[in-house]
Amino acid sequence: MRMLIADDDDYTREGLSESIDFEKFGIQEVFLACDGAEALKLAALKKPDIVLTDVRMPKLNGIEFAEKLAETSPGCQLLFMSGYMDVEYLKSAIKLSAVEYIEKPLKLAEVEQAILKSVLSIQSKQKQTAVLNQKNELERQRLVGLLRDTGAHQDTIKELCQETGFPLGKHYVGMIMFSRNEDENSRADLDLINRYWSSNGVMAIGEQLDRYRCFVIAAYDRQDYKRVNYLADLFVRKNETYSIGMGVAANRLEELPESYRLACIAAERSFYYPEIRFYSQQEEREQSKAFFTNLLPEFYKRKEEHPDQLLLWVETSCSMLKDNEYTDRARIIALFETAALALVGGNQKLLIQLENDYGIRNVEQSLRECRTLDSLEMMMRIICTTYMEEVQETSPYSRLVQDVIGYIAAHYRNPDLDLRTIADQMHLSTAHLGMLFKQETGTSIKQYISDYRIGLAKKLVMSEHYKMNTIAELCGYASASYFAKVFKASTDLSPLEYRKKT
């Protein structure tokens, strides 16, 4: 808060400034004026919340100064002080809604009490204003939600327009204003957006659609349409982390759902062209769904027959999506989620590899957080590359040995997994299966299981996200103590020593 002290007596003016601890009242700045004219200039420049003024001053007396101040700052708290308890002055002070009329010679305690009374009054009004503003903002957001809904009742809309002051009988345009900042703590700032339009003299109301997007409706006169477009473009040039999808002009409130729909389509183009900042509505074209329907079957075919072509599938698919500007982003994300899970699935080794090498702890979540096709393509390339690296590691073996290795990869968490269990699954004798496996791999199935578990355990131990008993369970060891024993026998280090060393 700010305070102005106006008094032609230097001793009084300076004494109050030096004697009162204004900070304890929440007053950060105090300005001093030696007469009414100077006080009026300072008040116009500094916009004080509280004014303590002497009644009798040269140039403008306290009452004349306060009358002029009330015209420009009606919410300012007035405190009068005077050595002359003149009835007419007192009547004028009451008329001007003075908080206190303090008699001179001043008593510091009385002045402080008057300041405290003013501060409490200001705080009370601020709380009331904040509650009212919050209520009005919620009503405005409710109105925006109704205006984008084709089934909304028009009488309810008109009633809310009157309550919120949103004008009827104007022209309107809907916009999706969204933040491109991918920081985990960032979000579209509806208050910033509302202040921008208000400061430029445009009546606009908005609704927070989600963390990144706001839907904003601007009302304007017919001749101001170009100005609204100019201001929208100016906003994204001033705020580099934002972009705007512009809908079509609506001549009536009833046309706003269509403006909203087209604004969403315009904004979706950022998925394909993130370098553009202002997306205006383009002519809609027929969406071909045939190419999209064929993408997933083509993926499965390449996965089974030509896994080395998975990167080509990603590249081709993304190119086709961009060429067609397929607008259903949720289906695109779902497509790549399905493909990624088919590659990674429950393969703990691949999941750990993705986390250790790329920091991808949750494949589905990472794909959903991609806000552009380029970032989505990069994520899928990482997943496909990691998958193909493992395929290449196992590809030299016969189909039978690959099946055994695949079975181990799927069931290694079972502490009872052994040669007999796998032989029963493959419908072979333990001796025959053990011989075939060792001929191709150079190691026994028992040793392979042990090495597989230790190899996985090393990766998990390197990550500080896992406790030792959790690692033991994830890697198929019957207990944490047995895991520690096997781990040390293999590495000459305890799991904790291994973690510290790496």
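**Figure 1. Tyr448 and Tyr452, two buried tyrosines of helix 19.** Both Tyr448 and Tyr452 are buried, a class that denotes under 20% relative accessible area, with exposed meaning over 50% and partly exposed the range in between (1.4 Å probe, protein chains only). The model is predicted, so that local features need pLDDT of at least 70 and side-chain atom pairs count only at pLDDT 80 or more, whereas totals for chains, interfaces and linings use all residues. Residues are numbered from 1 along each chain as its sequence is written, and side-chain values use heavy atoms, with hydrogens and water left out. Across the whole structure, a search finds 18 aromatic pairs. One of these joins Tyr448 and Tyr452, whose rings are tilted, at 6.2 Å centre to centre and 35° between the planes. Because the two tyrosines are four residues apart in helix 19 (residues 445-462), about one helical turn separates them. Rings of Phe, Tyr and Trp (its six-membered ring) are paired if their centres lie within 6.5 Å; planes under 30 degrees apart are stacked, those over 60 are edge-to-face, and the rest are tilted. Helices (H or I, at least four residues) and strands (E, at least two) are DSSP runs, numbered from the N terminus.

**Figure 2. The aromatic pair of Phe487 and Tyr498.** The ring centres of Phe487 and Tyr498 are 5.3 Å apart and the ring planes stand at 85°, so the pair is edge-to-face. This pair links distant parts of the chain: Phe487 belongs to helix 21 (residues 480-491) and Tyr498 to helix 22 (residues 495-501), eleven residues apart. Phe487 is buried, as is Tyr498. Together with Tyr477, Tyr482 and Phe483, these two residues form one aromatic cluster. The loop between helix 21 and helix 22 holds Asp492, which has a positive phi of about 65° although it is not a glycine. With a relative accessible area of 63%, Asp492 is exposed.

**Figure 3. Arginine side chains over the rings of Tyr260 and Tyr212.** The charged end of Arg148 sits over the ring of Tyr260, 5.2 Å from the ring centre. Arg371 lies over the face of Tyr212, and here the distance to the ring centre is 3.6 Å. A charge counts as sitting over a ring if NZ of Lys or CZ of Arg is within 6 Å of the ring centre and within 35 degrees of the ring normal.

**Figure 4. Strand 1, helix 1 and strand 2.** Five bridges join strand 1 (residues 2-6) to strand 2 (residues 29-33) in the parallel sense; strands are said to pair if DSSP finds at least two bridges between them. Within this pairing, Ile5 stands opposite Leu32 of strand 2. Right-handed means that, with the strands pointing away from the viewer, the path from the first strand over the helix to the second runs clockwise.

**Figure 5. The surroundings of Phe25.** Phe25 lies in the loop between helix 1 and strand 2 and is buried, with a relative accessible area of 10%. Beyond its neighbours within four places in sequence, Phe25 is in contact (heavy atoms within 4.5 Å) with Met1, Ile20, Glu112, Ile115, Leu116 and Val119. Phe25 and Val119 are 94 residues apart in sequence, yet their C-alpha atoms are 6.9 Å apart in space.

Figure 6. Strand 7 runs antiparallel to strand 8 (residues 213-220), to which it is joined by six bridges. Gly206 stands opposite Val216 of strand 8.

**Figure 7. Gln353 in helix 13.** Gln353 is located in helix 13 (residues 348-358). Its side chain and that of Asp357 are joined by a polar contact of 2.7 Å. Such a contact is a pair of N or O atoms within 3.5 Å; within protein, one must be able to donate a hydrogen and the other to accept it, and residues adjacent in sequence count only if both atoms are side-chain atoms. Not counting residues up to four places away in sequence, Gln353 touches Tyr358, Thr386 and Lys459.

**Figure 8. Backbone geometry at Pro105 and Lys47.** Most residues other than glycine have a negative phi, and most peptide bonds are trans. The peptide bond from Lys104 to Pro105 is cis, with omega near -5°. Pro105 lies in the loop between strand 5 (100-103) and helix 5 (108-147). Lys47, although not a glycine, has a positive phi of about 55°. Lys47 is found in the loop between helix 2 (36-46) and strand 3 (50-54), and at 47% relative accessibility it counts as partly exposed.
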